[in-house]
Amino acid sequence: MKAFTTGPFTGRHITAIIVAFFAVVIAVNLYMARSAISTFGGVVVDNSYVASQKYNSWLQEARREKALGWSAKAHRRGDGKLIVTLAGAPADAALSGDAWHPLGRRPDIPMQFARQSDGSFLSDQVLPQGRWRMRLEAKAGSALWRSEQEVL
């Protein structure tokens, strides 16, 4: 069987192959860079060195908060407001927090909570539809407790 050829393999052929190869590589790199920039959720800490110096104190605070034995569960009502059930906390506990979008595409929403007759807390703000995480902070006297969770 005879191979099908149209002529000799020349420098123009190898040039076209090399140009096509690098065009594909550059196109993929541009696409990946654009995707990375457009989905960047922000920084975790502004200064890594300063954060490393505070790390042990952050761990100590977390141990104190865990020792309180408090827990919270947040969920969205039909009208968009949040209900938070705070378990283990004293009756005089005050709750605040802010909702943040995990991809950083929407601004943070600071929230205050009012205690309801059943002991739960109701937010003063409506949380827009979508995926949100909630940073909660409860205070009772000198005790401070913090938590972060996804809002369902």
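The turns below go through helices, strands and surface.

Modeller: This is a predicted model, where local features need pLDDT of at least 70, side-chain atom pairs count only at pLDDT 80 or more, and totals for chains, interfaces and linings use all residues. Residues are numbered from 1 along each chain as its sequence is written, and side-chain values use heavy atoms, with hydrogens and water left out.

Colleague: At which residue does α2 bend?
Modeller: Helices here are DSSP runs of H or I with at least four residues, and strands are E runs of at least two, numbered from the N terminus. Helix α2 covers residues 48-68. The bend is the angle between axes fitted to the seven residues ending at a residue and the seven starting there. In α2 that angle is about 45°, at Lys54.

Colleague: Which residue forms a salt bridge with Glu61?
Modeller: A salt bridge is a side-chain nitrogen of Lys or Arg within 4 Å of a carboxyl oxygen of Asp or Glu. The structure holds nine of them. In one, the N to O distance is 2.6 Å, and the partner of Glu61 is Arg146.

Colleague: How many bridges join β6 to β7?
Modeller: Two strands pair if DSSP finds at least two bridges between them. Strand β6 (residues 133-140) and β7 run antiparallel. Arg133 stands opposite Glu150 in β7. The number of bridges is eight.

Colleague: Which residue in the hairpin of β6 and β7 takes a positive phi?
Modeller: The hairpin has two residues between the strands. The phi is near 65°, and the residue is Gly141.

Colleague: Which residue of β5 is the bridge partner of Ala114?
Modeller: β4 and strand β5 (residues 121-126) pair in the antiparallel sense over three bridges. The partner of Ala114 is Leu122.

Colleague: What accessible area does the nonpolar surface patch have?
Modeller: Its residues include Phe9, Phe22 and Ile26. Patch residues have over 30% relative accessible area and no salt bridge; like charges are joined within 9 Å, and nonpolar side chains (Val, Leu, Ile, Met, Phe, Trp, Tyr) within 5 Å. Areas come from the Shrake-Rupley method with a 1.4 Å probe, and for residues only the protein chains shown count as cover. Together the patch has about 900 Å².

Key:
Expected span 1.5 Å × (residues − 1).
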